[in-house]
Amino acid sequence: MTPLAVATDEHLAQISNYLVYSSMAVYMLAFFAHIAEWIFGSRSKVGRTAAALTASKAAGAAGTAGAPAVQVRGKGGTAVLDRPKVVTRSAAGSRDVPDGPGAAGGTEQGDLYGRIAISLTALAFIIEAAGVVARAMSVQRAPWGNMYEFSLTFSTVAVGAYLALLALKKNVRWLGLILVTTVLLDLGIAVTWLYTDSDQLVPALHSYWLWIHVSTAIFCGAVFYIGAAGAVLYLFRDSYEARLAEGRTPGRFAASVMERLPSAASLDKFSYRINAAVFPLWTFTIVAGAIWAGDAWGRYWGWDPKEVWSFVTWVAYACYLHARATAGWKGRKAAYLALFAFACWIWNYYGVNILLNGKHSYAGI
Amino acid sequence: MSTTDNAPSGATRSETPAEAEAEAGTEADARAEASAEAAAGAQLSTAPLEDAPADPVGIGVFGWVRWFWRQLTSMRVALILLFLLSLGSIPGSLIPQTQVDALKVAAWKKEHASWVGIAEKLQLFDVYSSVWFSAIYLLLFISLIGCILPRSWQFVGQLRDRPPGAPKRLDRMPAYATWRTEKPAGEVLAHARTLLGGRRFRTEPSGDSVASEKGYLREAGNLAFHIALIVMLIAFAWGQLFKSEGGKLVLRGKGFSNTLTQYDDFKKGGFFEPDDLPPFSFTLDKFDATFEESGPQKGTPRDFKAYVTLREGSDGKPQKREIEVNTPMQVEGSKVYLLGHGYAPVISVTSPDGKVIFKDAVPMLPQDANLTSSGAVKVTDGYKNKDGKAEQLGFNAWFVPTYAGEGKGTMFSQFPELKFPVLALNAYHGSLGVDSGLPQNVYQLNTSKMEKFTDENGELFKRKLLPGETMTLPDGAGTVKFEGIERWATFSVTHQPGSGLALAGAIAAIGGLAASLFIQRRRIWVRAVTGEDGVTVVEMAGLGRSESAKLPEELSALAAELHQQAPTAPVPDRPAKETVEVEGERG
Ligand code: HEM
């Protein structure tokens, strides 16, 4: 045991801690920038939703009688077309409401703060990711040996997924404030209650399955989180729209916030797509876990609490996907199921690790 | 079953436009249009409609059976059963399960005495084999089979059918594009067909339009996924019924042969017969454990390896094999896992008359990562004390492979390897209680019928020994020698048929699921009609299983390609015909 080797490792662990704290500071700045974005955005007063709801009623009445408005996109007013324009219609029964303008509400200042917030989030993400890498180097293994390390990776992946969606030009800026807030919460819990010194792993974890099974599990959780955030906002926005459609007026604050979110239909679709896209990966995670358990413990499935809750989560998401395919269950009921499923995931993470102990309890705090 | 009865309803209704056209009037037109649209989307999936019949049809037993069957195989009931399955799994994670840890169950019962009665009635200690849990999943799987069979038939039918013809009003479809061209309609449709065919759409021309459909793999994937679930359930059931699992501690140099009597503990499924145990035997030649020597990871196991000599069958040729923690040894359908390892100090006991009455390697159970171990030495036979009376001897034993050093006090090992091995013993004599017939823990001494050997201060006689050292029991009661150290490893031998099938099912399920969730099933129609002025109006429309941003994008790309073959006609002097307004949006 050379003192030098120890020094380097502790040094790296220390660097990792500094990086994590720095990323928290930058996330904090991003949080304030998002708040500023929402505040400046509240100056815009566009009642687009209400307008659309009344307009679509009128159009619906007129639409059956009159000729459909079909647009052909022209090039500079000449008749030479670049490509014919595709007109889309939403399915019967859904409200035809445009998406809100986003947190900035179309104001220039709001948008500026929003961009600052995103840049800060990206910076914090890089710092946090570096913190995870430094941690991995200090322990010379996959940085997924205990809850502190899971939590770090979890928020890093969630932010990474959000930034990737942004880079793909998806309409996800509305997620920014919620995401940054929960990331701060997650990191706060991680550094105050879950912190564990760089530590060793039990031999059963010495397997390439650690890389496969645990990384996909963390990834699924982080992305399911984004899906759940979409489902929660969908529920709020949906009742807002329902209220408007009934002709009632929501409170000023609710109106100001809700008006800037995407339409309920968009949020619902977003949440569904996210959840549906990771569901096969979650299935794979469980199967990979079973194979690993088979190799390490001599049984594939033993109804260990962690296994039970992974199964419950899986069945709950399967239930959600079924609900989406069943007309009577679309919408709010399906969203409740998605939230139930995510609650199971969270419980499997915090509850099972801390309160119930089974074979997986090496995932110590 | 509701699937077959209800799903083609779109198709049945699609015949109504003929009737509707006979009646004049806008309302009938609207109805006809609506049903034409329904027909356009009909059979885009094989999902059963969830409006299960509300009342039993007809009377009598048959009517009820039919009603029950329809209910059971409806999507709604599948949903409810799935939800129940997830709720039903929960208690088993909160209350200890006999199957998982019988000791914890006993502890729980002690702690919650007043709940035991009701918990036992509800089979809460065996949730996953309880009547109610089995009922949920069996109903679910009956429902699944009742759902899958008709859906599979329907799907085969859909594969044989052609895509349904274009609805009357394409502009009512979720994605729509139109333009006017000078190309004749026939030519446009021919281009459209090659274009769609080139993109692997199944096309079907009819009159003034081309119908096309793509993404059948979605349905195939969905069916494959559900069938794979059934395959997995069968594989699990099979495995449960025929499985066996036994544990055995083997000392270095000693052997094991696969018969029931050799196991330390054994669990089996309902249909397992002891004759099912495949005959094989092995001896443990060597056990290697390497540990991290330095750094913050010091003491972490790096590698465990058991070197064994295996004989397959009752007298097979000896073969050298290695077993590691994550790589079991496979023999004749069984797997031999390396579960744990530890030390077994070799101890000899000499009676007061100078005879060696005991010499054995005594396995000790590891208590921590550095292999601080504890156990018990039990001398059952052959000992006579100095008065010539037959007695039994018992020693509580602690063993550390790496002792911290004298004065450092505690018997906690500093490192898992043998760097400074020390054995600590305290000694008792009397009756070990092993003759009472009750099973005893071999690692613990039951001192209720034993007396302490005492030292000069009247305290319990304790000694720490280095290998090779001998301790003399008080009052000439004999000597105990720490001869040396052996190693042991524990193995678990499991035979679980059906796991290969379960794995195949799992892979098929993931593949099917991915196909089902990522592939869109969609239809695209192209209509081209040449008017009296010689200008052709081209219309394109798309309809998918669910609203997706992909469909308009795809339609747009297709329209752009078709548009190259059939470019837009110059704007006529007169205002455009009703359906087309040309807007210079970007201009
Ligand atoms: C063992 C229990 C079951 C599980 C875990 C399960 C799981 C799933 C999952 C994850 C999906 C989503 C894939 C997709 O959207 O294409 C799905 C779809 C579907 N399931 Fe199941 N399922 C089960 C039982 C059933 C039963 C009993 C039925 C019939 C009553 C059924 C009918 C369907 C149908 C029709 C779809 C396709 C929905 C669509 O086309 O979007 N499933 N199932």
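How far does a polar side-chain atom of A:His322 lie from a nitrogen atom of the ligand? The distance is 2.4 Å, and this is a predicted model.

**The iron atom**

- On the protein side, the donors to the iron atom of the ligand are the NE2 atoms of A:His322 and B:His226, lying 1.9 Å from the iron.
- A:His322 belongs to helix 9 (residues 305-325) of chain A, while B:His226 sits in helix 12 (residues 216-242) of chain B, so this pair of histidines joins two chains.
- Are A:His322 and B:His226 buried or exposed? Both of these histidines are buried.

**Around the ligand**

- The ligand is surrounded by 27 residues, and the closest are A:His322, B:Cys147, B:His226, B:Ser516 and B:Arg545.
- An N or O atom in the side chain of B:His226 is 2.8 Å from a nitrogen atom of the ligand.
- For B:Arg218, an N or O atom of the side chain is 3.1 Å from an oxygen atom of the ligand.
- Two or more residues of the shell come from each of these elements: helix 9 of chain A, and helix 6 (75-89), helix 10 (131-160), helix 12 and helix 13 (499-518) of chain B.
- Which element gives the largest share of the shell? That is helix 10 of chain B, with six residues.

- A:Thr313 is found in helix 9 of chain A, and with a relative accessible area of 0% it is buried.
- The side chain of A:Thr313 reaches 2.6 Å from the backbone oxygen of A:Trp309.
- Beyond residues up to four places away in sequence, A:Thr313 touches A:Trp282, A:Ala341, A:Cys344 and A:Trp345.
- A:Asn348 has its place in helix 10 (residues 332-354) of chain A, and its 5% relative accessibility counts as buried.
- Which side chain makes a polar contact with the side chain of A:Asn348? The partner is A:Ser310, at 3.3 Å.
- Apart from residues up to four places away in sequence, A:Asn348 touches A:Pro305, A:Lys306, A:Trp309, A:Ser310 and A:Asn353.

**A:Ala293 in helix 8**

- Helix 8 (residues 264-297) of chain A holds A:Ala293, a buried residue with a relative accessible area of 4%.
- Along the chain, A:Ala293 and A:Trp209 are 84 residues apart, yet their C-alpha atoms are separated by 9.6 Å.
- Leaving aside neighbours within four places in sequence, A:Ala293 is in contact with A:Gly298, A:Arg299, A:Tyr300 and A:Glu307.

**Cysteines**

- A disulfide is a covalent bond between the sulfur atoms of two cysteines.
- How many disulfides are there over all chains? The count comes to zero.
- A:Cys319 is in no disulfide, and the nearest cysteine sulfur, that of A:Cys344, is 10 Å away.
- A:Cys344 is in no disulfide either, its nearest cysteine sulfur being that of A:Cys319.
- A:Cys319 is buried at a relative accessible area of 1%, and A:Cys344 counts as buried at 3% relative accessibility.

Methods: Residues numbered from 1 in each chain as written. Chains lettered and ligands numbered in written order. Predicted model: local features only at pLDDT ≥ 70, side-chain atom pairs only at ≥ 80, totals over all residues. Heavy atoms only, no water. Donors = N, O, S within 2.8 Å, 3.2 Å for Na, K, Ca; no water. Helix = DSSP H or I, 4+ residues; strand = E, 2+ residues; numbered from the N terminus. Buried < 20%, exposed > 50% of the residue type's maximum accessible area, 1.4 Å probe, protein only. Contact = heavy atoms within 4.5 Å. Disulfide = S-S within 2.5 Å. Polar contact = N/O pair within 3.5 Å; in protein donor to acceptor, adjacent residues only side chain to side chain. Near = heavy atom within 4 Å.
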